[in-house]
Amino acid sequence: MTRKWSLFTKMVTFLALLLLAIAGLYGYTVATSIDTVQQELETSRLNQLKFLADMLENDIDQLTLNAYNLLQDQSVRDYAILPSIEHLVDRNRLKMTILEKLKLQSTASAWTNTLTVYYPETGDVLSSDPIRALKVEYDFNELQPDRWTFDQLTGEFILYVRDREAGGDVSVVLSFSSENIRKLLASYESNSRPYLYHPSGRFIFDYNMDSVTAIRMAGQLWGKEIGDSLTMVTEANGMSYLLNALPTVLDGWVLIEFTPLERILQPIRKSTTLFAGATAALLCLGVAFAFELYRNVQLPIRKLVTSLARFREGDYGVRIGFEPAREFRLLTEGFNEMAKRVGDLIDKVLTEQLRAKEAEFKQLQSQINPHFLYNCLFFIKSKARIGDTESVEAMALSLGEYYRYMTRTEQDMVPLRSELDLIRNYVSILNLRKPRIDYVTEVSEELMDLRIPRLLLQPLVENAVMHGIEPKPGRGTIRITGKRLGDGFVLTVEDDGVGMTPEALAKLRGQLRGPKSAESGCGVWNVQQRFLRKFGPGAVLEVDSEAGEGTTVTLRCQFREQEVSAA
């Protein structure tokens, strides 16, 4: 008869085999991990240096493109033949045009640079730097066309470009200070500090560079072919360094970075040793705790897994009936409580979803007023009969925009700007039938893209028209204002209609605080419920009114705009 191993025996055997495997692989792991880390470090450092070289090349290419574009500029070329066309153009105006283009091209780059146009035949010099326009600083016989030259005295890189098609009668000199490169090097976030090196013995360091070690590192490149890139391990100051070098777009200059290997590999060696020791200790402790885990965990987990499987299948009434000892008692009690809360939450969510759908349907149904549509259609019919096409066109356009917005239900949240456009169309329709409503908006521009529930403000405006302005003789005004309030916002809908008596106002406020009833209607109560549901407890709807003075409805929210958008 085959004997079955207990869980305790299996765990002890597994831990012993695992310990032997770790001891056998430990030596191999230590040796290979350092090699792997070093290779990854070489790749990572070289990729970072290539990224910096690309940034340098992009900035210089932008400057170079500006210089070549100037050679093709018609104003620059016209100035070269000015004596032959001076009767056609104004010399001073053409000169000012070129100077403006030089300044524009120079300031288009993030780097500080100078663009100078030189005309050898006339000796004229036009420059984006007014000081350089007073004198010619460059010996054009020594400058090599289309190649970068470094001026040791001024610390500038110079590019000389000449117009070959025009017989060399126009030359452009682009120069920028090496300080631009220093700033770029200083912005490089890394444990090492890159720098530029020229075989002639010139260097460009950032502001925090150890120049002595950097010069020694550059000396390691003497006589070596760099090609597309060069990576090597070298010794200096009694330490090992990983040296990376890349050629740059600047002729002859090399971008160099070096990293101390010992400082990086030493923590790896130490952590590897600590890991091996900690693993052995944990394995020993695992054997000691194996039996306790088997006795106090195996049976409770089996019951818990069974209950979870039933819960996953939809049996939300499942409960763990027995009480295990010690820590698993809290776990089983937590499971039972969780199952109860999940069941209650599912019931609550379903109820809220039904209420939300009902409120949305009632809100949309209340806004599609057939009498309002009939009146608009009769208006169109009467105006068409008398030949007033402008009124017919205005009514049809406003009515179409109004109902297109009203019947679009694919988006629950819309920009405040769209809601205000809807209200503007609504008021326009009313004014076409009977021009007596003035519509004023005072909403700050930063709130125009705030996302709010659809049809949040329009029902309030419709109530203002029906119950405030229509009973009032003469013209009336509807004013919508919006502004920031701390981290939230405030929107108000105000009319100067007949207002409400204190008794009517108190009754309305009471209806808004209570559940929906036949007396409370759909308009303001639905607006309040949708406002609270979307924005949470930080949202408040307030109604203020005075008989004969008008009514003001205030929507206030203390949430941030990004939280509102997420809602």
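How many bridges join E12 to strand E14, and do they run parallel or antiparallel? I looked: seven bridges join E12 to E14 (residues 476-485), and the two strands run parallel. Helices (H or I, at least four residues) and strands (E, at least two) are DSSP runs numbered from the N terminus. Two strands count as paired if DSSP finds at least two bridges between them.

Before going on, I noted the basis. This is a predicted model, where local features need pLDDT of at least 70, side-chain atom pairs count only at pLDDT 80 or more, and totals for chains, interfaces and linings use all residues. Residues are numbered from 1 along each chain as its sequence is written, and side-chain values use heavy atoms, with hydrogens and water left out.

**Sheet.** I then traced the open sheet, which has five strands in the order E12-E14-E15-E17-E16 with mixed pairing. E12 (437-443) and E16 (539-546) stand at the edges with a single partner strand each, so one side of each lacks a neighbour in the sheet.

**Helix H14.** I checked its length. I then looked at burial (under 20% relative accessible area; exposed is over 50%, partly exposed in between; 1.4 Å probe, protein chains only). Ten of the 13 residues of H14 are buried, among them Trp525, Phe531 and Phe535. Glycine 536 follows H14, and its phi is positive, near 80 degrees.
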